[in-house]
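Please read it alongside the coordinates.

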Amino acid sequence: MSQAQGGLSVSDFFYGSVTLGERGQVVIPAEARKRHGLQAGDKLLVLRHPHVRGLVLARVDDMRAVLDELQQWKDLVAQMAQHGEEESSSE
């Protein structure tokens, strides 16, 4: 398989196909569940992909961690911007 960014191959991102059932349900392939530690009862968020007509699944706890990290980056950028404004006004 061809290599994607970071030395990962396409097969590292592809688990197969699923069929949408009458009630809108899909079964996540066993390999994907195993590789990502998904278990019955896990809460997942279903998000629209920002660039393609598709969906993204993410564990609620994992998404909280991502949002916490983004908040830290936001705070850092705000501090840097404020520090830059203070330096500009003191000149």
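1. D12 is partly exposed, at 27% relative accessibility (buried is under 20% relative accessible area, exposed over 50%, partly exposed in between; 1.4 Å probe, protein chains only). This is a predicted model, in which local features need pLDDT of at least 70 and side-chain atom pairs count only at pLDDT 80 or more, while totals for chains, interfaces and linings use all residues. Residues are numbered from 1 along each chain as its sequence is written, and side-chain values use heavy atoms, with hydrogens and water left out.

2. D12 forms a salt bridge with R35, with the closest N and O atoms 3.8 Å apart (a side-chain nitrogen of Lys or Arg within 4 Å of a carboxyl oxygen of Asp or Glu). The pair links distant parts of the chain, 23 residues apart: R35 is in helix α1 and D12 in the segment before α1.

3. R35 also meets E31 in a salt bridge (4.0 Å, N to O). E31 and R35 are four residues apart in helix α1, which means a separation of about one helical turn. R35 is partly exposed at 44%, and E31 is partly exposed at 46%.

4. A salt bridge joins R64 and D61, the closest N and O atoms being 2.9 Å apart. Both residues lie in helix α2 (residues 60–90), three residues apart. D61 is exposed, with a relative accessible area of 53%. Elsewhere, salt bridges that share partners join D12, E31 and R35 into one network.

5. The search of the whole structure finds five salt bridges.

How values were computed: Helix = DSSP H or I, 4+ residues; strand = E, 2+ residues; numbered from the N terminus.
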